[in-house]
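Please consult the sequence and the structure shown here while reading.

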Amino acid sequence: MSIATDTQILQGFLGGLLIGSAALLLLLGKGYIAGISGIVGRAVASPRNGGWRWLFIAGLLCGSAIYFLINGSLNAQLPTLDVTLLLAAALVGVGTRLGSGCTSGHGVCGIGRRSPRSLVATAVFMVVAIITVAVVGR
């Protein structure tokens with residue numbers, strides 16, 4: 001187990017501050033919740049009417065590109081595409097539909113709005129994540 005450095009703590013703090021600020025600005029400015037699965041789903045379902053959604057998605061991608069340009073790497077290990085990965089992705093998609101949102105929507109926006117449904121959903125996400133890490137051991 002490694003201990004986080006001051007730089008990692010600062011990056012996490014600033015990243016969280018930016019995510020929270022973006023979610024708050026979207027809620028106050030447009031009245032929409034910054035749930036990524038809902039934003040992407042609605043943008044794809046209605047491409048011509050998804051103007052702000054496409055800009056939001058572009059902002060997510062640009063953030064990664066800027067990080068890459070500054071650091072020269074994303075420091076991410078991408079898994080090879082196989083049946084297990086495709087099944088996992090499908091299950092995540094089904095889960096976001098059944099749970100009426102994804103971790104970003106419930107965890108960042110829902111808890112901030114004190115939504116009981118989001119509190120339960122986030123608790124379930126966390127318990128399943130802890131069990132998964134315990135079983136897989138990573």
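The model is predicted. Helix H5 spans residues 103-112, and the helices that cover its buried residues include H1, H2 and H6.

- Five residues of H5 are listed as buried: Ser 104, Gly 105, His 106, Cys 109 and Gly 110.
- The cover over these buried residues includes helix H1 (6-30), helix H2 (36-45) and helix H6 (116-136).
- Just after H5, the residue Arg 114 adopts a positive phi of about 60°.

**Packing of H5 against H6**

- Two packed helices are described by the angle between their axes and the distance between the axes.
- For H5 and H6, the packing angle is about 130° and the axes lie 9 Å apart.
- On the H5 side, the contact is made by Thr 103, His 106, Gly 107, Gly 110 and Ile 111. On the H6 side, the residues are Arg 117, Ser 118, Leu 119, Ala 121, Thr 122 and Phe 125.
- By type, the residues of this contact between H5 and H6 comprise 4 nonpolar, 6 polar and 1 charged.

**His 106, a residue of H5**

- His 106 is located in helix H5.
- With a relative accessible area of 3%, His 106 is under the 20% limit and therefore counts as buried.
- The side chains of His 106 and Ser 118 are joined by a polar contact of 2.8 Å.
- Leaving aside residues up to four places away in sequence, His 106 touches Gly 99, Ser 100, Gly 101, Ile 111, Arg 117, Ser 118, Ala 121, Thr 122 and Phe 125.

- Ala 34 lies in the loop between H1 and H2.
- The relative accessible area of Ala 34 is 8%, so this residue is buried.
- Ala 34 and Ala 23 are separated by 11 residues in sequence, and their C-alpha atoms are 5.3 Å apart in space.
- When residues up to four places away in sequence are not counted, the residues that Ala 34 touches are Ala 23, Leu 26, Ile 39, Phe 56, Ser 104, Gly 105 and Cys 109.

Conventions: Residues are numbered from 1 along each chain as its sequence is written. This is a predicted model: local features need pLDDT of at least 70, side-chain atom pairs count only at pLDDT 80 or more; totals for chains, interfaces and linings use all residues. Side-chain values use heavy atoms; hydrogens and water are left out. Buried means under 20% relative accessible area, exposed over 50%, partly exposed in between (1.4 Å probe, protein chains only). Helices (H or I, at least four residues) and strands (E, at least two) are DSSP runs, numbered from the N terminus. Contact means heavy atoms within 4.5 Å. Axes are lines fitted to C-alpha atoms, for helices over the stretch in contact, and angles run from 0 to 180 degrees between N-to-C directions. Ala, Val, Leu, Ile, Met, Phe, Trp, Tyr, Cys and Pro count as nonpolar, Asp, Glu, Lys and Arg as charged, and the others, Gly among them, as polar. A polar contact is a pair of N or O atoms within 3.5 Å; within protein, one must be able to donate a hydrogen and the other to accept it, and residues adjacent in sequence count only if both atoms are side-chain atoms.
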